[in-house]
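Hi everyone, thanks for coming.

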Amino acid sequence: MLISVLAQGNAITDPKAILRYALPIDSEPIRKVQEAIEDISNHLRGKRWPPIAKDVKTASFLLTLRSEQIVASVPSDRQPQAKTLLEDIKTGVTELQEAVDNKDRAEVGSKRRAILNQITDLEDLMVEGFPFEVPGEYADLPQLKGRATVEIETTKGNLTLVLDGYSAPVNAGNFVDLVQRGFYDDLPFIRSGDDFVVQAGDPPGADAGFIDPKTGEYRAIPLEILVRGDQSPIYGTTLEELGIYLPDLVLPFNAYGAVALARPSLDPNGGSSQFFFFKFDNELTPPGFNLMDGRYSVFGYVVDGKEVLETITDKDKIVSAKVIDGLDNLVEPQAS
């Protein structure tokens, strides 16, 4: 029997929103505030002011009545900072309401972005510890126990990446480690298949990945995919092989500029240094219904420089890459 399934039309395609929802926190009120503010973008292009006003009212209501509960979701030593952020968010929502009343589309967009940045900062404060233990078999690999920001200078301009170690600690840790080693500096982009993938990380010579100078061996990185609702990622096998179809992933390919580990087609655990930027296309890979999710490990997103990524081809190269934030979250391999 053939069953036709429509793509999920409400899938999130904003990389910053995906990263917010990927944070391992449990605070219903701040999530509802976030949802309301993010929903504004669904109506702003069409200037649908009544639903926009409703979203702002919802956010304001939650911030007023549930602020104590929001602050209580933050560890006690960070609560003073959380209270300050919460007051800033309330002020921002008041200013947002004024912009909505004036039907100032540009100002609404600007205020919305500023509030969401503050919500991100507040939600970051809620994260306590690391949510799971990486399997012991990967203890000899770098791990990112949190998030890191990497800036990549290319021949076309700069890209800013946020890497999510909360959801893909082994893949993100490997990438940060290689950035720190200067491994990616001066490497070319080697392919732009069908104009929706740009790949890099292939070193000069016969080797297809990183050879660890301590061991002289190829560093193989496993497939690592976190399904929403699971306590920890699935390692070593595609979700298709497990019979998991149309998965709701914490880090999906929905966003333009998803960063994922490249690998041999027949070996889910054969990736190493090569990675690719996914140039999301609604027709080729409709959100929530594509052939990439569950087959490759997404470990971050381009959050700044989309216009640069759009122009990169296999005639360009990485000039340099550096970690500009979160390096303290990198855990070096343990001795075996």
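The largest nonpolar core here has 61 residues, and Leu161, Phe175 and Phe277 have the most contacts inside it. By nonpolar core I mean a set of buried Ala, Val, Leu, Ile, Met, Phe, Trp, Tyr and Cys residues joined through side-chain atoms within 4.5 Å; buried is under 20% relative accessible area, exposed over 50%, partly exposed in between, with a 1.4 Å probe and protein chains only. Helix α7, residues 169-180, gives this core its largest share, 6 residues. A second, separate core has 34 residues, among them Ala59 and Ile70.

A word on the source: this is a predicted model, where local features need pLDDT of at least 70, side-chain atom pairs count only at pLDDT 80 or more, and totals for chains, interfaces and linings use all residues. Residues are numbered from 1 along each chain as its sequence is written, and side-chain values use heavy atoms, leaving out hydrogens and water.

Now the sheet. It is open, with 8 strands in the order β4-β5-β11-β10-β12-β3-β2-β13, paired antiparallel. Strands are DSSP E runs of at least two residues, helices H or I runs of at least four, numbered from the N terminus; two strands pair if DSSP finds at least two bridges between them. The edge strands are β4 (189-191) and β13 (318-325).

Last, is Ser27 buried or exposed? At 3% relative accessibility, Ser27 counts as buried. You'll find Ser27 in the loop between α1 (15-22) and α2 (28-44).
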